[in-house]
Amino acid sequence: IGIYVLNSLACQVDKNQKLRLGELQVIEKMIDLVERKIANRICDDVLEVAWSAMWNVTDETPSNCEIFLNKNGIRFFLKCLETFPDREELIRNMMGLLGNVSEVKSLRYRLMNSKLIKVFSDMLDSRTEGIEVSYNAAGVLAHIASDGPEAWTVSSPSRQQVLDRMTNAILSWNVNTERNINYRSFEPILQLALVQDTVQCQL
């Protein structure tokens with residue numbers, strides 16, 4: 001029951017309290033839990049809530065995002081995706097967390113590898129959870145692309161290929177689809193709205 005209480009708490013606390021949760025090694029404990037679930041090939045509510053808790057505790061909290069990366073969070077993200085490819089709630093929670101990481105400019109370079117970019121690009125075509133997975137993938141890619149062509153250090157997929165896929169995905173969204181997309185502040189959206197040289201970031 002503790003993990004459910006933690007997840008509920010992480011939704012409600014302020015940034016300083018989230019920092020404290022990071023200091024208490026909450027993310028490390030969630031990563032350990034995820035690793036055990038993967039090893040046993042068990043995808044249940046506990047695994048989904050573990051990712052949800054990390055999503056909440058990293059929201060607009062860069063230091064916790066960095067802890068997630070430093071504890072091999074990306075490797076476990078990819079492993080969960082490979083092991084449980086059809087678990088929609090799990091994927092939604094994981095992509096929400098990666099969205100938080102992508103909002104931190106100083107950490108975005110750590111998302112810049114061909115395998116990850118391809119995963120995010122393929123998710124643009126997802127229709128699971130309404131448009132939420134596609135929306136979160138577009139958000140991650142928009143933040144990465146917002147750093148400009150010089151920051152795009154992978155050759156495949158190319159930046160233009162990804163931007164074209166983003167455009168097609170965004171224009172295909174049914175905005176009347178039921179969705180659960182929330183922001184604590186407009187700061188992440190405003191960051192993208194101010195990008196002048198990449199129109200896809202403003203879509």
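Predicted model: local features only at pLDDT ≥ 70, side-chain atom pairs only at ≥ 80, totals over all residues.
**Entry 1**

Residues are numbered from 1 along each chain as its sequence is written, and side-chain values use heavy atoms, with hydrogens and water left out.

Next I asked how much is buried, meaning under 20% relative accessible area, with exposed over 50% and partly exposed in between (1.4 Å probe, protein chains only). Of the 203 residues, 51% count as buried.

**Entry 1: the fold**

I counted 11 helices and zero strands. These are DSSP runs, numbered from the N terminus: helices are H or I with at least four residues, strands are E with at least two. Read along the sequence, the pattern is α-α-α-α-α-α-α-α-α-α-α.

I then checked contacts, which means heavy atoms within 4.5 Å. Among contacts with a separation of 6 or more, 74% come from residues 24 or more positions apart.

**Entry 2: the core**

Which residues have the most contacts inside the largest nonpolar core? I found Trp51, Phe68 and Phe77, in a core of 64 residues. Helix α9 (residues 132–145) gives the most to this core, with eight residues. The core also draws at least three residues from each of domain 1 (1–111) and domain 2 (117–202). For the record, a nonpolar core is a set of buried Ala, Val, Leu, Ile, Met, Phe, Trp, Tyr and Cys residues joined through side-chain atoms within 4.5 Å, and the domain bounds come from an automatic or database domain assignment.

I looked up Phe68 on its own. Leaving aside neighbours within four places in sequence, Phe68 is in contact with Ile27, Ile31, Trp51, Met54, Gly73, Ile74, Leu97, Leu98 and Val101.

**Entry 3: helix α8**

Helix α8 spans residues 114–123, and Leu116, Ile117, Val119, Phe120, Ser121 and Met123 are buried in it. A note on spacing: an α-helix has 3.6 residues a turn, so residues three or four places apart point the same way. What covers the buried residues of α8 includes α6 (73–83), α7 (88–102), α9 and α10 (159–172).

At the start of α8, a side-chain oxygen of Asn113 reaches to within 3.2 Å of the backbone nitrogen of Lys115. I file that under polar contacts: pairs of N or O atoms within 3.5 Å, where within protein one must be able to donate a hydrogen and the other to accept it, and residues adjacent in sequence count only if both atoms are side-chain atoms.

**Entry 4: salt bridges**

How many salt bridges does a search of the whole structure find? I got 12, each a side-chain nitrogen of Lys or Arg within 4 Å of a carboxyl oxygen of Asp or Glu.

Asp44 pairs with Lys37, the closest N and O atoms being 2.7 Å apart. Asp44 is partly exposed at 22% relative accessible area, whereas Lys37 is buried at 16%.

Glu48 and Arg87 meet at 3.5 Å, N to O. This pair links distant parts of the chain, with Glu48 in helix α4 (residues 45–58) and Arg87 in the loop between α6 and α7, 39 residues apart. Glu48 counts as buried at 10%, and Arg87 as partly exposed at 33%.

Arg92 and Glu132 have their closest N and O atoms 3.3 Å apart. Arg92 lies in α7 and Glu132 in α9, so the pair ties together parts 40 residues apart in sequence. Arg92 is buried at 10%, and Glu132 is buried at 5%. I also noted one network in which salt bridges that share partners join Lys118, Asp122, Asp125 and Arg165.

**Entry 5: two single residues**

Is Leu6 buried or exposed? Leu6, in helix α1 (residues 2–12), is buried at 16% relative accessible area. Beyond four places in sequence, Leu6 is in contact with Leu21, Val26 and Met30. The C-alpha atoms of Leu6 and Ala50, 44 residues apart along the chain, are separated by 9.2 Å.

Thr61 sits in the loop between α4 and α5 (62–70) and counts as buried at 1%. The Thr61 side chain reaches the backbone oxygen of Asp59 at 2.8 Å. Not counting residues up to four places away, Thr61 touches Lys15, Lys18 and Leu19.
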